[in-house]
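This briefing goes through one protein chain by topic. Please keep the sequence and the 3D view open while reading.

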Amino acid sequence: MSMHFDLRLFVAQDIYFLMTTEKDWCVGEYAEDIHKYLRSKERKRFLFRGQSPQLHMRKKLVQWMDTVCQKMKFCTTVQHLAVYLLDIFMDNHTIQCDHLHMVVVGCLIVAVKLEENDNLIPKNSDLNALLGNKYKLIEFVQMEVSVLNFFNWDVLFPTAAHFAEYYALFAIQPTDTLQDKSLSDYDLVKVYVNKYINYFLEVTIQDPIFINFCPSIVAASCVASARVCLSLSPPWPMPLQNRTYYKYPQMKPCMDLLQKALETDMAASRKGLENISDMSHYVNTNGPTSSIPPDCIVMS
């Protein structure tokens, strides 16, 4: 039995190694195998109960993490994995409020070491600078180990961002139509589809309501919602069903939440425009839900 366990561990490590070392793993020969592994792994995620005493501070913490990720130029999967680790860690601990940002950094360190190339892994001194240099460097190591110990050092959790990388490759089909016409500029439509997918992915980490959805269905819902926003027909073509293993009705509950968030952002954007005469000022202003203003990506 011990040998069987070791083999399974090595297989999991090998698959994750392929994901993190191959830039284009989604189009490689092992793409479908990796996808199947991720689908099996997502069923082993922790249940989020929303019982953290600091849950009301979650949104600001995630937004601060987003700022750090942009400054450090971390990939989307880093942020999504770090947010998941943060949610579960906070859900199972009572943390002093003045220590919450250190917990955020601890989750980021773990996620970065899994998802990024070595040259992008920041030094603890760089992270300390973000916190006003008020910690000893050894405390960052201790925080990282605390996070790893809580998860029993098994932090290879797939997120919606992992699945979205794969599903986005099939988000547009040659047979798609726009307003009953074939796509006149395939590349342009692809750009806007990806912008919408990224917007919806951002939405899913801002609101904890998405945590207990399977990451794969969240990713598929982001792709389907992008297609709906751009009026692509059919809304969910057969190639996407075959790749994701989801039919349109299965995604509807998640899609409804994404659409509601989009409507909220767009209403806030319109209200903001009424009070802002300088458009350049608005472009640099973040919306209430996501850091991507939806009005900037709607096709005319």
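Gln 241 sits in helix H11, which spans residues 238-244. The model is a predicted one. The chain contains 13 helices and three strands, and buried residues account for 46% of its 300 residues.

- Leaving aside residues up to four places away in sequence, Gln 241 touches Trp 236, Tyr 246 and Lys 247.
- Between the C-alpha atoms of Gln 241 and Ala 220 the distance is 9.2 Å, with 21 residues separating the two along the chain.

**Contacts along the chain**

- Of the contacts between residues at least 6 apart in sequence, 77% join residues at least 24 apart.

**Nonpolar cores**

- The largest nonpolar core comprises 45 residues.
- Met 65, Leu 85, Leu 86, Leu 108 and Phe 140 have the most contacts inside this core.
- At least two residues of the core come from each of helix H3 (58-72), helix H4 (76-91), helix H5 (100-115) and helix H7 (137-150).
- Helix H5 gives the most, with twelve residues.
- Another core, of 43 residues, lies apart from this one; Tyr 196, Ala 226, Leu 230 and Leu 258 are among its members.
- Leu 85 touches Cys 107, Val 110, Phe 151, Val 155 and Phe 157, with residues up to four places away in sequence not counted.
- As general background, nonpolar side chains in soluble globular proteins tend to be buried together.

**Helices H5 and H7**

- The axes of H5 and H7 come within 8 Å and cross at roughly 70 degrees.
- Angles of 65 to 115 degrees count as roughly perpendicular, and H5 and H7 are therefore roughly perpendicular to each other.
- On the H5 side, the residues that meet H7 are Met 102, Val 103, Val 105, Gly 106, Cys 107, Ile 109, Val 110 and Lys 113.
- On the H7 side, their counterparts are Glu 139, Phe 140, Met 143, Glu 144, Val 147 and Leu 148.

**Salt bridges**

- The structure has six salt bridges, and three of them are described below, starting with the pair of Arg 58 and Asp 87.
- The side chains of Arg 58 and Asp 87 meet with an N to O distance of 2.7 Å.
- Arg 58 belongs to helix H3 and Asp 87 to helix H4, so this pair links distant parts of the chain, 29 residues apart.
- Arg 58 is buried, at 3% relative accessible area, and Asp 87 is buried as well, at 4%.
- Lys 113 forms a salt bridge with Glu 144, where the closest N and O atoms are 3.1 Å apart.
- Because Lys 113 lies in helix H5 and Glu 144 in helix H7, the pair ties together parts that are 31 residues apart in sequence.
- Lys 113 counts as partly exposed, with 43% relative accessibility, whereas Glu 144 counts as buried, with 13%.
- Arg 227 forms a salt bridge with Asp 176, and their closest N and O atoms are 2.7 Å apart.
- Arg 227 lies in helix H10 (residues 215-229) and Asp 176 in the loop between helix H8 (160-167) and S1, so the pair ties together parts that are 51 residues apart in sequence.
- Arg 227 counts as buried at 0% relative accessibility, and Asp 176 counts as buried at 1%.
- In general, side chains of opposite charge can pair when their charged atoms come close.

**Helix H8**

- Helix H8 is mostly covered, with seven of its eight residues buried.
- The buried residues of H8 are Ala 160, Ala 161, His 162, Phe 163, Ala 164, Tyr 166 and Tyr 167.

**The sheet**

- The three strands form an open sheet in the order S2-S1-S3, with antiparallel pairing.
- Strand S2 (181-182) and strand S3 (232-233) are at the edges with a single partner strand each, so one side of each has no neighbour in the sheet.
- Strand S1 (residues 177-178) pairs with S3 in the antiparallel sense over two bridges.
- The bridge partner of Leu 178 in S3 is Leu 232.

Technical notes
Residues are numbered from 1 along each chain as its sequence is written. This is a predicted model: local features need pLDDT of at least 70, side-chain atom pairs count only at pLDDT 80 or more; totals for chains, interfaces and linings use all residues. Side-chain values use heavy atoms; hydrogens and water are left out. Two strands pair if DSSP finds at least two bridges between them. Helices (H or I, at least four residues) and strands (E, at least two) are DSSP runs, numbered from the N terminus. A nonpolar core is a set of buried Ala, Val, Leu, Ile, Met, Phe, Trp, Tyr and Cys residues joined through side-chain atoms within 4.5 Å. Buried means under 20% relative accessible area, exposed over 50%, partly exposed in between (1.4 Å probe, protein chains only). Contact means heavy atoms within 4.5 Å. A salt bridge is a side-chain nitrogen of Lys or Arg within 4 Å of a carboxyl oxygen of Asp or Glu. Axes are lines fitted to C-alpha atoms, for helices over the stretch in contact, and angles run from 0 to 180 degrees between N-to-C directions. Angles under 35 degrees count as roughly parallel, over 145 as roughly antiparallel, 65 to 115 as roughly perpendicular and the rest as oblique.
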